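Open the model in your viewer and keep the selection tool ready. The stops below go one at a time.

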Amino acid sequence: MKVTRLQIVARGLSNRCPNCGGRTLFQAGSFFAVNPACTACGLKIERDEGSFLGAMSLNYGVTLVGCLTPVMLLAYYQVIGTTTAIVAAGVGAIGFPALFYRSSRSWWLMNYYVFLPHHLPANQAGPRANEDENL
Ligand SMILES: [Zn+2]
């Protein structure tokens with residue numbers, strides 16, 4: 001069955017395998033450990049060494065825009081005090097990336113397959129078989 005881009009986005013936002021939709025990206029009982037491959041369909045999640053550097057960049061960017069910039073703006077416009085801003089930025093700089101870790105990994109995987117949906121194993125069997133039949 002073919003997986004659409006909308007399904008890939010929905011699965012990426014809910015930390016699911018982009019190929020089968022299973023909750024298999026992360027190892028059971030661990031918050032940070034990623035499965036090397038989907039335990040349900042076998043999709044390679046850890047594709048290459050360093051393939052998730054993009055997830056780290058994504059995590060950094062979201063932390064900067066979603067957490068640190070608002071704190072800096074609140075301090076700049078004197079809504080919060082300097083000490084409060086320093087503490088909030090320190091806690092946010094450590095806590096936010098940790099909490100966003102799973103989503104950043106899933107979003108990066110989603111990003112890859114949204115632009116290259118034909119690389120999903122579920123999308124390789126069906127349409128190509130139909131194309132062969134039409135030839
Ligand atoms: Zn899967």
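Start by selecting Gln-78, which sits in the loop between H2 and H3. Most residues other than glycine have a negative phi.

Before going on, colour the model by confidence. This is a predicted model, and the average pLDDT of the protein is 90, with 92% of the residues scoring at least 70. Which element has the lowest mean pLDDT, and which the highest? Helix H4 (residues 121-134) has the lowest, 61, while H1 has the highest, 96. Now select residues 127-135, where the pLDDT is below 50. Beyond near neighbours in sequence, that stretch has 1 contact in the model.

Next, show the two helices on either side of the first stop. Select helix H2 (residues 53-76) and helix H3 (residues 82-115); their axes come within 8 Å and cross at roughly 150 degrees. An angle over 145 degrees counts as roughly antiparallel, and H2 and H3 are therefore roughly antiparallel to each other. The crossing of H2 past H3 is right-handed. Sorted by class, the residues in this contact are 18 nonpolar, 6 polar and 1 charged.

Stay on helix H3 and pick Ser-104, which is found there. Is Ser-104 buried or exposed? Ser-104 counts as buried, because it has 21 C-beta neighbours inside 10 Å and the label needs 20 or more. Leaving out residues up to four places away in sequence, Ser-104 touches Ala-55, Leu-58 and Asn-59.

Now bring in H1 alongside H3. The axes of H1 and H3 come within 8 Å and cross at roughly 170 degrees, which makes H1 roughly antiparallel to H3. To see the contact, select Arg-5, Ile-8, Val-9 and Gly-12 of H1, then Ser-106, Trp-107, Leu-109, Met-110, Tyr-113 and Val-114 of H3. By class, this contact has 7 nonpolar, 2 polar and 1 charged residues.

On H1 itself, select Leu-6, which is placed in this helix (residues 5-13). Leu-6 counts as exposed, because it has 9 C-beta neighbours inside 10 Å. Draw a distance from Leu-6 to Leu-109: the C-alpha atoms are 14 Å apart, and the two residues are 103 apart in sequence.

Follow the chain to Asn-15, found in the loop between H1 and H2. Asn-15 is partly exposed, because 17 other C-beta atoms lie within 10 Å.

Finish at Met-1, in the segment before H1. Met-1 counts as exposed, because it has 8 C-beta neighbours inside 10 Å. How far apart in space are Met-1 and Ala-75? Their C-alpha atoms are 52 Å apart, and the residues are 74 apart in sequence.

Definitions and conventions:
Residues numbered from 1 in each chain as written. Predicted model: local features only at pLDDT ≥ 70, side-chain atom pairs only at ≥ 80, totals over all residues. Helix = DSSP H or I, 4+ residues; strand = E, 2+ residues; numbered from the N terminus. Buried ≥ 20, exposed ≤ 12 C-beta atoms within 10 Å, placed from the backbone. pLDDT = per-residue confidence, 0-100. Contact = placed C-beta atoms within 7 Å. Axes fitted to C-alpha atoms, helices over the stretch in contact; angles between N-to-C directions. Parallel < 35°, antiparallel > 145°, perpendicular 65-115°, else oblique. Left-handed = near helix turned anticlockwise from the far one by under 90°. Nonpolar A, V, L, I, M, F, W, Y, C, P; charged D, E, K, R; others polar.
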